[in-house]
Amino acid sequence: MSVTRLRIIPAIEQSPALVQLAQQTGGKALLLAVFAFGLYLHGSRWWLELVLILAAMSFWPQFRRPLLTAGTLYWLVSQHTRLKWGFLGHVFNTQGLGTTTSWYFYWLSLVAATILFCAMYYYLVRKSRGTWLYRRPVAALLAGYFILLTIASYTPLSTTQQAYLWGFLIILGHYIWFLAYSLQDRNAAPGTKFIYQLGHYQPFWGGSNTPFPKGAAYLRKIEAKNAEELAISQLKGIKLLYWAFILSLVLGIFNMVVYGRPFYNLELPAHLATPSVNDALAHTRSADPYDWYINWAVVLANFIKSMLTLSVWGHIIIATCRMAGFQALRNTRSPLRSRTIAEFWNRYYYYFKELLVEFFFYPTFLRYFKTRPRLRMFMATMAAAGLGNMLYHFFRDIHIIMDLGVLGALKAFQVYIFYGLLLGTAIGLSQLRNQNRKQSTHWFRTYVTAPVIVLGFYCISHIFGLPYPGYGLDVYFQFLMNMFNVGVV
Amino acid sequence: MSKQAEIREFLEEMLNKKGDSSDFSDQQLLVTEGRLDSLDVMTIVVFLEETYGIDFSDRPFDQNEFDSVESITALVDTLSS
């Protein structure tokens, strides 16, 4: 059965007239204006700066890489004054450095040390052909980072030394997966100079600790090679930005109806007043759980909100990246169309999944259990969705390590460790089940049964993967039992 | 059948299983375009291991080398020589 796709936003990149127009000076200016308006609609505080960088990249595409590096450097400096890198500012203040050291000196010295470390490690690996370091540079990097975290947690250092060591680890943590992608590109010919690779270390188009969209090798592949490709990439960027705006309207209305949050200063006289997951967990913990159907509403609403939020966020980043001339794939791509647990994982947060696949799945798959194909696939999936997923979040939540030490943080991470194991097992089994299996052509199974099972699994398991609220695993299980009206205290 | 034809046939079969029957050229970047994902790349690895006896464990792995019929053929030629 074929389903005709309804297009809310037309495929403007397929119009020869528009592609032609987008290659001319006036057309480029028009595209930039339309994109700027889209960013403004999204409420971006930095729409003007973003569009100025994009304008430079549009009119001088031959200098795209230097401009990308310059734009990202500008972003690093401007974001620093606005956001102060969140936790880094907290470290600076709590360690009492404010009286002896200027914030700018602290910040700049740490950024310089991190860049220097990344460059030195990259060149050291490149020069170490034939050694273990050359073959396993990412594993060595992650192990070294873990050792430094342990040293920072347990070595008696002065407050200044603590502030600098933790500061370095915080910034390196921001960049560690970007450096990992650079290391993977170590023997590419032709490669990308390290100075230009720095241009997409936390690039100006945004992202998280997960590199959007991957590393230098991928960017070389998707970079517009001529004016026509740039025009198509930019038209796709505009399309995605406006699609994200439509989704953000849906999200705003959803939040208004479900949670009672104001939307464009509009408040509903009556709404569903659905509690948040943290609120529901807190009620469960204090032996005053919500009714089972409210817990279901909590979980469902949270899952829908997460999907919409991630889609809007990722689409804006990729739209900006496309405007810069890199035709990247979307981060979230129709997750509701997933027919298997493994497929959803691929569609929900593409670049995070790619990171885990590149640095955990491939190395395990290529080296271990080669004589046992099913075990090989399962263990590689477990290494990615389980171990890699846990490690990524453990390093990301460095504030917990700083508060509790490495061992305390590992204990506090029990819920996420369970989530990683659950996810790894489910995706692994899903992969095995789908090997050598043709897609089902049965309508009911394709469009009803499979999506309900897949979304049901992620909907419920998602609560274990939420940011750390400080509760033990027992609270989550109690909450789950409450959902099924079992074991209500 | 030549190596290139064998690899092409394998990729066609894999895409068909995914419900993708659109035509593609030997130079087309199937992973970059999103028609194949990183897990499909592993299926290709297994095929190359079993068909040509290639061992990927001792060299840096680059997903980009598995992007098109042409790049896979070039990789097989390099590693089997």
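Mentor: We'll take confidence, then domains, helices and the chain contact.

Mentor: This is a predicted model, so local features need pLDDT of at least 70, side-chain atom pairs count only at pLDDT 80 or more, and totals for chains, interfaces and linings use all residues. Residues are numbered from 1 along each chain as its sequence is written, and chains are lettered from A and ligands numbered from 1 in the order in which they are written.

Trainee: What does chain B average in pLDDT?

Mentor: Chain B averages 87, and 99% of its residues score at least 70. pLDDT is the predictor's confidence in each residue, from 0 to 100.

Trainee: Where in chain B is confidence lowest, and where highest?

Mentor: Lowest in α2(B), with a mean of 88; highest in helix α1 (residues 3-17) of chain B, at 91. Helices here are DSSP runs (H or I, at least four residues), numbered from the N terminus.

Trainee: What ipTM does the complex get?

Mentor: An ipTM of 0.86, with a pTM of 0.91.

Trainee: Switching to chain A. Which domains does it have?

Mentor: Domain 1 covers 13-216 and domain 2 covers 235-483. Those bounds come from an automatic or database domain assignment. Their centres, taken over C-alpha atoms, are 25 Å apart.

Trainee: How many residues does each domain of chain A put into the contact?

Mentor: Domain 1 of chain A gives 41 and domain 2 of chain A gives 36. Contact means C-beta atoms, placed from the backbone, within 7 Å.

Trainee: Which element gives the most on the domain 1 side?

Mentor: α9(A), with 8 residues. That side has 28 nonpolar, 10 polar and 3 charged residues. Ala, Val, Leu, Ile, Met, Phe, Trp, Tyr, Cys and Pro count as nonpolar, Asp, Glu, Lys and Arg as charged, and the others, Gly among them, as polar.

Trainee: Where does α9(A) bend?

Mentor: At Y175(A), by about 45°. The bend is the angle between axes fitted to the seven residues ending there and the seven starting there.

Trainee: And at what angle do α15 and α19 of chain A pack?

Mentor: About 115°, with axes 7 Å apart. Axes are lines fitted to C-alpha atoms over the stretch in contact, and angles run from 0 to 180 degrees between N-to-C directions. From α15(A), I341(A), A342(A) and W345(A) take part; their partners in α19(A) include A426(A) and I427(A).

Trainee: Last one: how many residues does each chain give to the contact between A and B?

Mentor: Chain B gives 17 and chain A gives 16. Helix α2 (residues 38-52) of chain B gives the most on its side, with 3 residues.

Conventions: Contact = placed C-beta atoms within 7 Å. Helix = DSSP H or I, 4+ residues; strand = E, 2+ residues; numbered from the N terminus.
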